[in-house]
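Reader: I am new to this structure and would like to know what stands behind the words used for it. Please show it to me before I ask.

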Amino acid sequence: MGVIISIVNQKGGVAKTTTAINLAAAIGQKGKKVLLVDLDPQGNASTGIGVNKRELKYTTYDVIMGEIRPEEAVISTNFKNVWIIPATQALAEGEIRLTSIKNKTLQLKKALLQIKDKYDIILVDCLPSLGVLALNGITACDRMIIPMQCEPYSLEGVAELLSSVKRVKASTNKGLQIMGIVFTMVNKKLTINKDVQQQIKASFPSELIFKTEIPRNVKISEAPSHGEPITYYDPASSGAEAYKKLAAEVLKKCKEANVML
Ligand SMILES: Nc1ncnc2c1ncn2[C@@H]1O[C@H](COP(=O)(O)OP(=O)(O)OP(=O)(O)O)[C@@H](O)[C@H]1O
Ligand SMILES: [Mg+2]
């Protein structure tokens, strides 16, 4: 049985998608089977991993509306051990249509449970919101990874995020746990980065902060337009090294918590 990990932060542009794509690839390269689920109408995870959105038969929208069997929407990628359920703008319609469905936040969980045993890790790239789609991501997962950029407003909204997590945990997803906060786009030279990092570290228990930090690295920002994860686009870059380390840390945490067989 695999483990479902959602990458969540309602703040936009904090490297959720970058982390989802690059973790998926790095974990796949370590020999584990990974399914990436694009839960964002922007479809950035799909484009970034080389999916041609014009050729898609089914997407996350069909899966979340329960209109197909989830495996029908799974497509392979060019990267070792990585599959994806892609998303397009059509998913925005899901946010609207789900509101009239009973158990509207349970749709993704129901679908992923049907295919959970086929993968070691399922990574869900959530959209920047705490609406019904994102709540599907939080409800479906065993563990959450929260990417954070160490900028002045990083901590704003965290309280709101944690209270959503608490509510989901108390109702539909009792086993939910935060795996960790990962600092992204870190520039060690910036005092503000260091200050905010200290503030975040002071607000959370140390086991909730990943040891691996992702540095700001121009290669990471170039890779998506080539449809490649960083460990393929530039395996020697500091970004690739960081995501390989993060992958190892994620797998270690899964093993320690016994959430992966
Ligand atoms: N370590 C990094 N170094 C340099 N650029 C980065 C790094 N991580 C992410 N970026 C860039 O920052 C931008 C935002 O990243 P990304 O799209 O992953 O964020 P997101 O949280 O998924 O955004 P959204 O909330 O819109 O879904 C992108 O242009 C990405 O290429
Ligand atoms: Mg994104």
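Reader: What makes Trp83 partly exposed?

Author: Trp83 has a relative accessible area of 25%. Buried means under 20%, exposed over 50%, and partly exposed in between, with a 1.4 Å probe and protein chains only. The value for Trp83 therefore falls in the partly exposed range. This is a predicted model, in which local features need pLDDT of at least 70 and side-chain atom pairs count only at pLDDT 80 or more, while totals for chains, interfaces and linings use all residues. Residues are numbered from 1 along each chain as its sequence is written, chains are lettered from A and ligands numbered from 1 in the order in which they are written, and side-chain values use heavy atoms, with hydrogens and water left out.

Reader: Why is the pair of Trp83 and Tyr119 called edge-to-face?

Author: The centres of the two rings are 6.0 Å apart and the planes stand at 65°. Rings of Phe, Tyr and Trp (its six-membered ring) pair if their centres lie within 6.5 Å; planes under 30 degrees apart count as stacked, over 60 as edge-to-face and the rest as tilted. Both values pass, so Trp83 and Tyr119 are an edge-to-face pair.

Reader: Which parts does the pair tie together?

Author: Trp83 belongs to strand β4 and Tyr119 to the loop between α5 (107–113) and β5 (121–126), so parts 36 residues apart in sequence are tied together. Helices (H or I, at least four residues) and strands (E, at least two) are DSSP runs, numbered from the N terminus.

Reader: How do you know that the charged end of Lys33 sits over the ring of Tyr119?

Author: The charged end of Lys33 is 6.0 Å from the centre of that ring. The rule asks for NZ of Lys or CZ of Arg within 6 Å of the ring centre and within 35 degrees of the ring normal. Lys253 likewise has its charged end over a ring, that of Phe210, 5.2 Å from its centre.

Reader: What makes β3 and β7 edge strands?

Author: Strands β3 (75–76) and β7 (177–184) each pair on one side only. Two strands pair if DSSP finds at least two bridges between them. Two bridges join β3 to β4 (residues 82–85), so this pairing meets the rule. The two strands run antiparallel, and Ile75 stands opposite Ile84 in β4. The open sheet has seven strands in the order β3-β4-β2-β5-β1-β6-β7, with mixed pairing.
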